[in-house]
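Please examine the sequence and the three-dimensional structure shown below. The briefing that follows is arranged by topic.

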Amino acid sequence: TIIIDAGHGGKDPGAIGYHNIKEKNIVLDIANELGKYIQSKMPNINIIFTRETDIFLGLKNRTNIANKNKGQLFISIHANSAEDRRANGFETYMIGMNKNAAAVRTAARENAVLDLEGGSATKLTDEALIKVTIAQSGFANGSEKFAALVQEEMSKRLQSKDRGVKQAGFYVLAYASMPNVLIELGYISNPSEEKKLKSSQYK
């Protein structure tokens, strides 16, 4: 069972591109296409989508869906954004301590949806992140292998910068009891990369 999570949705647009494209729409298209592709090639694989339409879904709800359906792999799909319009490229994240400033910014942006979830949402403090990283240690090897594979295969196919595999405190990964990764497909704040991400062929 593979859980495919299209980031953001509904009242949470995610990042807004240079030409006003919304992250939530790009990642939903790609998540749905990925699910169809896997099912066509490997019909014995059970695909569960956290969302298949433009609905709002809390971060904890996403991993609850994954755990409830006994997922064996969790893939969360996102698109990146930066103040520097020149920033470009794709990267894959695993749960872990924030190692660099760019990773901290990316995780903070993706975790910002907690503010839309109301009082029930608990922020992922450094102490909590240490605890979940330890709790996830049993899945770390699978997450690391899959993240490396994602980067390798995307690098073969995309005319974009390979930004590598990184670790950061993503709330959506923290509580998924299975190997899990978060993929940042590209920077929609970069006009040329936004144009690529709008292309059905590129997607």
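The side chains of Lys166 and Glu91 are joined by a polar contact of 2.7 Å; a polar contact is a pair of N or O atoms within 3.5 Å, where within protein one atom must be able to donate a hydrogen and the other to accept it, and residues adjacent in sequence count only if both atoms are side-chain atoms. This is a predicted model, in which local features need pLDDT of at least 70 and side-chain atom pairs count only at pLDDT 80 or more, while totals for chains, interfaces and linings use all residues. Residues are numbered from 1 along each chain as its sequence is written, and side-chain values use heavy atoms, with hydrogens and water left out.

- Lys166 is found in strand β5; helices (H or I, at least four residues) and strands (E, at least two) are DSSP runs, numbered from the N terminus.
- Lys166 counts as buried because its relative accessible area is 16%; buried means under 20% relative accessible area, exposed over 50%, and partly exposed in between (1.4 Å probe, protein chains only).
- Leaving aside neighbours within four places in sequence, Lys166 is in contact with Glu91, Thr92, Tyr93, Met94 and Asn100, where contact means heavy atoms within 4.5 Å.

**Helix α5**

- Helix α5 comprises 21 residues, 137-157, and at 1.5 Å a residue it should span 30 Å; the expected span is 1.5 Å times one less than the number of residues.
- The end C-alpha atoms of α5 are 31 Å apart, which agrees with that expectation.
- The residues Ser143, Ala147, Val150, Gln151 and Met154 of α5 are buried.

**Salt bridges**

- Side chains of opposite charge can pair when their charged atoms come close.
- A search of the whole structure finds 11 salt bridges, each being a side-chain nitrogen of Lys or Arg within 4 Å of a carboxyl oxygen of Asp or Glu.
- Arg62 counts as buried because its relative accessibility is 2%, and Asp5 is buried with a relative accessible area of 0%.
- Glu127 and Lys131 meet through their side chains in a salt bridge of 3.7 Å, N to O, and both residues are exposed.
- Because Glu127 and Lys131 are four residues apart in helix α4 (residues 126-135), about one helical turn separates them.
- In the salt bridge between Glu153 and Arg157, the closest N and O atoms are 2.7 Å apart.
- Glu153 and Arg157 are four residues apart in helix α5, so about one helical turn separates them.
- Glu153 is partly exposed, with a relative accessible area of 26%, whereas Arg157 is exposed, at 55%.
- Glu152, Glu153, Lys156 and Arg157 are linked in a network of salt bridges.

**The loop residue Gln72**

- Gln72 is located in the loop between α2 (59-68) and β3 (73-80).
- Gln72 counts as exposed because its relative accessibility is 55%.
- Neighbours within four places in sequence aside, Gln72 is in contact with Thr1, Met178 and Pro179.
- A polar atom of the Gln72 side chain lies 2.7 Å from the backbone nitrogen of Thr1.
- From C-alpha to C-alpha, Gln72 and Asn46 are 10.0 Å apart in space, and they are 26 residues apart in sequence.
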